[in-house]
Amino acid sequence: MTDKVPFFNLKDGNTIPAIGIGTNRLTQPQKTVEIAIDIGYRLIDGAFLYKNEVEVGAGIRNKIKDGIVERKDMFIISKLWRTMHNPEDVRPAIESTLKNLGLKYVDVYLMHMPLAAKKAKNEYEEINLEEADIPIEDTWKAMGNLVKLGYTKSIGVSNFNSKQLARIINKENYFPVINEVEVNPYFSQKLLLEYCKSTGIQVIAYAPFYSPENPLADIDVPLLVTRPTITKLAEKHKKTPGQIILRYLYQIDCVPIPKSNSIQHLKDNIDIFGSWNGLDSNDMHEINKLNSGKRSFRFDASRHYKEYPFDEKF
């Protein structure tokens, strides 16, 4: 299936596969990554915060060792956590990630959030973090040094709004080629997507199916895959509801990174290209009607931070 997966061009000259897998909260990360690579996935989205870099890296290295893929064919993402935004901590952070992964470099290293926090006793602390006064511009400058060192081919961000993106574009001559944010039919991010496209930033869409299991999500929202709009289109195109959603995201120029512990779902999720012509304009219009403007990941515990990104319109 690999030859069916198209690529998007990044502004720095690199390319990214048009679909990948997310690795957060996988029950068997090494096994899942190995199966995904066998199926044809080449984009693996990870992060320090996910606590599974060792397992994810082992899965990648095993498939390289087996001759299934070469390292140059893989596109590996990791992320700088909020407690490591101090410029002097950025290099040690990626060095730790590379050691965990067992790799010499990642393809893109992202600032996980614009919300700088002080170090905590638990290095994986996510909620109870104290704000740190570290400008995102200072962290971004340190991120650029990682490219010079060869630790990453590209750098980018995650969960940034348009105003925050504008502050780092062209700073130190390193461009944020990616902004990884929540995008799905319930939260289509039209204005942010338009801004990113106008500036040459590629959007990666996490939570492509919405995430009702997230404690902060609206629990009364019906599952996207059960909505009549989606199920009728699935019947029309002889595809699964999940494939309709992922194809929608691809057609609005996003790179979806669905996660799954199911082999069948992994197979289905990547099978949205090939001979299928995709969704027509009427299909896209109907899916756009599902947009509620509500995100499933709000990070309410950090709403008091001065860099909290989600109070802006986009």
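Visitor: Which residues of the largest nonpolar core touch the most other members?

Guide: Ile16 and Met143, out of 100 residues in that core. Helix α8, residues 241–251, gives the most to this core, with six residues. Bear in mind that this is a predicted model, where local features need pLDDT of at least 70, side-chain atom pairs count only at pLDDT 80 or more, and totals for chains, interfaces and linings use all residues. Numbering runs from 1 along each chain as its sequence is written, and side-chain values use heavy atoms, with hydrogens and water left out.

Visitor: What makes a set of residues a nonpolar core?

Guide: The members are buried Ala, Val, Leu, Ile, Met, Phe, Trp, Tyr and Cys residues, joined through side-chain atoms within 4.5 Å.

Visitor: Which residues does Met143 touch?

Guide: Leaving out residues up to four places away in sequence, Met143 touches Leu80, Val90, Tyr109, Leu110, Met111, Ile155 and Gly156. Contact here means heavy atoms within 4.5 Å.

Visitor: Why is Cys196 called buried?

Guide: Buried means under 20% relative accessible area, with exposed over 50% and partly exposed in between (1.4 Å probe, protein chains only). Cys196 sits at 0%, so it counts as buried. Cys254, at 1% relative accessibility, therefore counts as buried too.

Key
Helix = DSSP H or I, 4+ residues; strand = E, 2+ residues; numbered from the N terminus.
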